[in-house]
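Let's take a friendly walk through a protein model together. Have a look at the picture, and then we will go through a few of its features.

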Amino acid sequence: MTDLRFAIRQLFKRPGFTAVAVLTLALGIGANTAIFSVIDGVLLRPAPFRDADRLMMVWETDRNSSTTREPASVPDYLDFRERSRRFSEFAAFTGAEVSLVPDDGDPTRLAVLGVSHEFLSMVGMAPLAGRAFTAEDDQPGASPVALLSEEVWETRYARDPAIVGRTVRLDGTATTIVGVLPANADFGARQILGAAAYQRSFADRGGGADVDLWVPLQADPATFPRATHPIFVLGRLAPDATPAVAWQEMSAIMADLEATYSENDGRGAFVEPLDAVVFGPTRPALRVLFVAVGLVLLVACANVANLLLARGTTRFREVAVRTALGADARRLARQFLIEGVLLALLGGAGGVLLAVFGTELLLAIAPADIPRLATVGIDGRVLAATALLSVTVGIVFGMVPVLQARRTDVQSALRVEAGGGARRGTGPGRLRAGLVAAELALAVVLVVGAGLLVRSFWQLWQVDAGFTADGVLKAEYQLPSSRYPVTFDVWPDFREMHQFHDALLARARELPGVEVAAIAANHPLDAGFTNSFNVPGREEEARSWPEISIRRVSPDYLGAVGLS
């Protein structure tokens, strides 16, 4: 306690030095705390699913289009369940959007995940209230039921437990709410949909919860035949299976299906861990960012170390007098370590305040496809990490004057101070020169890296997108299947849909300021989808042709986006 009181007096005795050192450390520690809060929330916390390392995404591949992450057909999924021995469980899901129509007020657009009834039990997720889906709920034609997300339950229904059993209207269909799922139940949904070659659904929409609502999948091979691929397959490895062995088995199953069904021509399987799909694109970027702010902290530490060395030259007499009075090296080291830790803790406290604002800024500018952003924040884990970092930095700082004190010649220091001169030595000078060189090297690395990033961003900004975006507005919508049924035996002659599109275009063209209006199945930056084609009389030859990209548009589309 005596050393602590003395350290506090020393810091208050030199407020200029203290303010500069604390602010420098606060910037470095604050940046690291903000980035660590994101890494902790996104990457370090365990996945909410049971034994998540055993969960595998089972994709279909297409040799004709060279795609490796395609959804599966419903009949293929049923064959997987029947034939596979390397997976103990399978579940299927797909994304959609529906309109929640209240009794009064405007409809709300919600992101929906249609899941097979095995999904929740397979991942180990239980409802907060009510019940999960049953096999009866998952039968085609069963009464419509749904599970709310915790966020929708809180924001729209104030966590009212009476919501279970209430009927709501989804796309005009009366649907019974049977339960509420916790906030982490939507783990990875947006990332899986975003990784798919198509059928991405709400993956590209803006902020908000990943999934607002769950409904039974009700997979019906009569409605979705083998030629269509609307669902995603999640499997749990059997106890003795590995991802590589499971991949081999699924490839063999797909090869057999290809030989049996012409609709499966060119199709294969790709098995990869759920973890790789969810976090694969995010890990490198966060690691690079963490390394960058780590270098910033090292620059800050070098700055403060130089300040401590400069300050140490004024304390030679103090060290000499205390040594002459009997203070041993251990006693002096303890004093300087306490001063260094106290200084670093003050910087850490300031860094936490900066990190609070920094974290909010990072969340505001973060892409929506980064998983688990809702769990990011300054909590006990982050504060503990910040405290550990601050103490470590403080110990390193405390060693700087300790090293100086060990080189102090008591008699020489007292004679120099008595004569009014200043002690000079080469040891501290070499150390300060080394710190300056290291600081300069780190700064050069940071500046070069930042310059390359800015250059890359500028070059991307200058890329010609191939269309004109100025003055072009985009509105997205989906038609409810209850009023606009999709029957693939009449594809693409969906008369109800075509009538709606024609009426919508006619009214849009009448809006003030609208010069041209068009409808497209995909926006200009969306790759669209691929399909096979043939030429009459050359059907056999066409089997080896690659698939072609297709974009369905209305006649005025090219003029609307400046491609005419």
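## A patch on the surface

Patches are made of residues with over 30% relative accessible area and no salt bridge, where like charges are joined within 9 Å and nonpolar side chains (Val, Leu, Ile, Met, Phe, Trp, Tyr) within 5 Å. A salt bridge is a side-chain nitrogen of Lys or Arg within 4 Å of a carboxyl oxygen of Asp or Glu, and accessible areas come from the Shrake-Rupley method with a 1.4 Å probe, counting for residues only the protein chains shown as cover.

The model is predicted: local features need pLDDT of at least 70, side-chain atom pairs count only at pLDDT 80 or more, and totals for chains, interfaces and linings use all residues. Residues are numbered from 1 along each chain as its sequence is written, and side-chain values use heavy atoms, leaving out hydrogens and water.

Here M1, L4, I8 and F12 form a nonpolar surface patch, with about 440 Å² of accessible area together.

L4 sits in helix α1, residues 2-13; helices (H or I, at least four residues) and strands (E, at least two) are DSSP runs, numbered from the N terminus. Buried means under 20% relative accessible area, exposed over 50%, and partly exposed in between (1.4 Å probe, protein chains only). L4 is partly exposed, at 31%.

D3, F6, A7, Q10 and L11 of α1 are buried. Seen down the axis, the buried residues of α1 fall within an arc of 140 degrees (taken from the directions from the helix axis to the C-beta atoms), so they line one face of the helix. On the other side of α1, T2, R9, F12 and K13 are exposed.

## A positive phi

Most residues other than glycine have a negative phi. A158, however, has a positive phi near 50 degrees. A158 lies in the loop between α5 (150-157) and β7 (167-170), and is exposed at 64% relative accessible area.
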